Amino acid sequence: MKLLIKNGNILTPFREITGGGLLIKGGVISEVLETEQDVCKAESNLMAAQEDSKIIDAGGNYIAPGFIDIHTHGAGGHDFMDGTVEAILEAARAHMRHGTTSLVPTTLTSSLEDLFKTLDNFKKAGEYQDGPELLGIHLEGPYFSMEQRGAQDPRFIKNPDREEYMKILDSSKDIIRWTVAPELEGALAMGRELKNRGVLPSIGHSNAIYEDVQRAFENGFTHVTHLYSGMSMVRRINAYRYAGVVESAFLIDDMTVEIIADGKHLPQSLLKLIYKIKGPDRICLVTDSMRAAGMPDGEYILGSLKSGQEAIVEEGVAKLPDRSAFAGSVATTDRLVKTMVEIAGVPLIDAVRMMTSTPARIIGVADRKGALVPGKDADIIVFDERINIKTVITRGTVRFQLPE
């Protein structure tokens, strides 16, 4: 099957190609067509060959790599910990309609029974190929600071237990990321173990100070989970001030960060500050979405239906019932890009980079994802100037397309 996308403005990681096109063969990008002449020639060749082919007219809209979400808990009324394969697939498909072509389903702090059930269901869900690619699974917890737990269930929060986390790691080859509070006893050894296995150790729900983060970085913790959410800032200890996780992320140049750019978790001023300090190559956008993403306001369950916590969705964000903390977002990836462009004033090409090539590099799939260059997977989206998704293609197959 060959596919030609024509008449669009192509967004590479660093430039925009006006009036270009893409030629796709065998599920990968074959050619980037930079001129109208190149596009016309490719179209003529396709028609003359009389092969199984399809031509999509982008209508002058943007053609970009599919969005990559490396931290999401669910969407469309489903949570990745609901205990069924169908819930995983339906949540992924809900995200796909908003431009997500690859994602990393994320767990919440839970019982071991629920965790192992999720790992088993994820493995089965990976056998399906009719939606976004499931890159691997992200474990968020249970090794967190109680002071910075946010909406994480306090019943299951604990210090790292080597016997326990080794059992979890040995049970699944799908774990590609684990968020831990690095100041906890045993966390640094855990970070080294994760790094040796090719799993990304990430700092989150942490009350660490700068010295803790320095040691964590040296032991493999190179990424920060949802910057500003569930973590320490400047702290006062016995009259002395100490930099927290947020300031540490700014100070350590090579530390990458992710932000929930839903326009609720972080105000315009902080979005601008993070962008100014870290830049698009050190920031990735994440939804951190719960099951209510793409759904109306109302009452929902955060985490599994069986043992999750109650949450209220109002004003475009999820909250605990007492409104003392956010309980994840209801954002989709198109909303993140739109927020960065329209609220934070970030150039579109940089906003797209933070949703494509940067997360691809952070999660270790940049060899095949995140950019429109020959040889990479044909994960492609078409959207207009307001980031309204028109077409979604995964691995060369059209999965979603709005009627003209």
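The paragraphs below take these topics in turn.

The model is predicted: local features need pLDDT of at least 70 and side-chain atom pairs count only at pLDDT 80 or more, while totals for chains, interfaces and linings use all residues. Residues are numbered from 1 along each chain as its sequence is written, and side-chain values use heavy atoms, with hydrogens and water left out.

In soluble globular proteins, nonpolar side chains tend to be buried together. Here a nonpolar core is a set of buried Ala, Val, Leu, Ile, Met, Phe, Trp, Tyr and Cys residues joined through side-chain atoms within 4.5 Å; buried means under 20% relative accessible area, exposed over 50%, and partly exposed in between (1.4 Å probe, protein chains only). The largest nonpolar core has 73 residues, and those with the most contacts inside it are Trp178, Leu227, Leu285, Met340 and Phe383. Helix α2 supplies the largest share of this core, 6 residues. A second, separate core of 15 residues includes Ile10, Ile24, Ile56 and Leu372. Helices (H or I, at least four residues) and strands (E, at least two) are DSSP runs, numbered from the N terminus.

Three strands, in the order β6-β9-β10, form an open sheet with parallel pairing. Two strands pair if DSSP finds at least two bridges between them. The edges are β6 (67-72) and β10 (133-134); each has a single partner strand, so one side of each is left without a neighbour in the sheet. Strand β9 (residues 100-105) pairs with β10 over 2 bridges, in the parallel sense. Serine 102 has glutamate 133 of β10 as its bridge partner.

How many cavities of 30 Å³ or more does a search of the whole structure find? There are 4. On a 1 Å grid over the protein atoms alone, a cavity is a set of points where a 1.4 Å probe fits but cannot get out, and lining residues have an atom within 4 Å of a point. Grid points are joined across faces, edges and corners, and a volume is the space filled by probe spheres set on the points. The largest cavity has a volume of about 110 Å³. Of the 15 residues lining this cavity, Leu108, Thr109, Gly303, Ser307 and Gly308 are the closest to its centre. The lining divides into 5 nonpolar, 8 polar and 2 charged residues, where Ala, Val, Leu, Ile, Met, Phe, Trp, Tyr, Cys and Pro count as nonpolar, Asp, Glu, Lys and Arg as charged, and the others, Gly among them, as polar.

The second largest cavity has a volume of about 60 Å³. Its lining includes Leu89, Ala92, Arg93, Tyr128 and Asp130, and the largest share, 3 residues, comes from helix α2 (residues 85-96). This lining divides into 6 nonpolar, 2 polar and 2 charged residues.

A cis peptide bond, with omega about 10 degrees, joins glycine 141 and proline 142; proline 142 lies in the loop between β11 (137-140) and α4 (162-171). Asparagine 238, in the loop between β15 (235-237) and β16 (240-242), has a positive phi near 50 degrees. Alanine 239 is found in the loop between β15 and β16, and its phi is also positive, about 80 degrees. Asparagine 238 is exposed, with a relative accessible area of 69%, and alanine 239 counts as exposed at 58% relative accessibility.

Definitions and conventions: 1 Å grid on protein atoms, 1.4 Å probe; cavity = no way out; pocket = protein on both sides within 12 Å on 5 of 7 lines; lining within 4 Å.
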